[in-house]
Amino acid sequence: MRGKGRGAVLLTRRLLGQANPHQQTRSTTVLCVRKDDDVIIMADGQVTFGASIMKPNVVKTRVLNADASSPVIAGFAGATADALALLERLETQIEQHPGQLLRAAVELATNWRMDRSLRRLDASIIVADKTISLQLTGNGDVVESHDGVLSIGSGSPYAGAAARALLAEESLKLDAKEIAERAMRQAASSCVYTNDTFTVLGLNQKEGLRDLPK
């Protein structure tokens, strides 16, 4: 079975044009901005395979625990199937620890690092509730934002830097969504693996999930 599985992977790579093992599926940019009572997660829609754009409008944001009093918004970078598998496990942890996003994230990160099958999953995740924003990685890291900004993916250095600069410029009077969108457009103009087809999710400390215009 092991040999057959390896052969199937190699065949799939050839069919997809990935004869070169260094050629990778690349994506994405995901940005989280928290300002005042609002937190926004915004992601681009591009998936790039080698030198080709496979799809321009992939949705890389999700709502977890949507029907509860403490919903969580999430964005992911990396392999989509891997990220969705991790988000499903995170949602289970959130259900077991309602209102304790940090604890749920730590439990997931611990399993992610220790479980051999989970360690093979290639993804990074940003999650946020009304009070806290966190980044989770396969190395077992759970990072809390210190300045209201988190970013992952190939365009994260551009988006993160732009968002921090806009947050610091109080005279612009921008809200969290406006900051996220301007920063993501900067990333799209600088990173070839990022486009300007964005999806956005938002939470307000008083109102909960926000219905945001695209």
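# Packing questions

Q: Is T29 buried or exposed?
A: The relative accessibility of T29 is 0%. Buried means under 20% relative accessible area, exposed over 50% and partly exposed in between (1.4 Å probe, protein chains only). T29 therefore counts as buried.

Q: What kind of model is this?
A: Residues are numbered from 1 along each chain as its sequence is written, and side-chain values use heavy atoms, with hydrogens and water left out. Local features need pLDDT of at least 70, side-chain atom pairs count only at pLDDT 80 or more, and totals for chains, interfaces and linings use all residues, for the model is predicted.

Q: How many helices and strands does the protein chain have?
A: Helices (H or I, at least four residues) and strands (E, at least two) are DSSP runs, numbered from the N terminus. The secondary structure of the protein chain comes to 6 helices and 13 strands.

Q: Which residues does T29 touch, leaving out those up to four places away in sequence?
A: T29 belongs to strand β2, residues 29–35. Contact means heavy atoms within 4.5 Å. T29 touches M42, A43, D44, I152, G155, S156, A159, M184, A187 and T194.

Q: How far apart in space are T29 and M42, C-alpha to C-alpha?
A: M42 is among the residues that T29 touches. In sequence, T29 and M42 are 13 residues apart. Their C-alpha separation is 8.4 Å.

Q: What separates the C-alpha atoms of T199 and A43?
A: T199 lies in strand β12, residues 199–204. Neighbours within four places aside, T199 contacts I41, M42, A43, V59, K60 and T61. T199 and A43 are 156 residues apart along the chain, yet their C-alpha atoms are separated by 5.5 Å.

Q: What share of the contacts with a separation of 6 or more joins residues 24 or more positions apart?
A: The protein chain has 214 residues, and 45% of them are buried. For contacts with a separation of 6 or more, the share from residues 24 or more positions apart is 62%.

Q: Why do α2 and α3 count as oblique to each other?
A: Axes are lines fitted to C-alpha atoms, for helices over the stretch in contact, and angles run from 0 to 180 degrees between N-to-C directions. The axes of α2 (residues 80–96) and α3 (residues 101–114) come within 9 Å and cross at roughly 135°. Angles under 35 degrees count as roughly parallel, over 145 as roughly antiparallel, 65 to 115 as roughly perpendicular and the rest as oblique. The pair is therefore oblique.

Q: How many nonpolar, polar and charged residues does the contact of α2 with α3 have?
A: L86, R89, L90, Q93 and I94 in α2 meet L101, A104, A105, E107, L108, N111 and W112 in α3. Ala, Val, Leu, Ile, Met, Phe, Trp, Tyr, Cys and Pro count as nonpolar, Asp, Glu, Lys and Arg as charged, and the others, Gly among them, as polar. By class, the contact has 8 nonpolar, 2 polar and 2 charged residues.

Q: What is the angle between α5 and α6?
A: Y158, A159, A162, A163, L166 and L167 in α5 (156–168) meet I179, R182, A183, M184, Q186, A187 and S190 in α6. By class, that contact has 10 nonpolar, 2 polar and 1 charged residues. The axes are 8 Å apart, and the packing angle is about 145°.

Q: Is N65 buried or exposed?
A: N65 sits in the loop between β6 (61–64) and β7. Its phi is near 55°, positive in a residue other than glycine. At 12% relative accessibility, N65 counts as buried.

Q: Is K173 buried or exposed?
A: K173 is in the loop between α5 and α6 (176–190). K173 is not a glycine, but its phi is positive, about 55°. At 69% relative accessibility, K173 counts as exposed.
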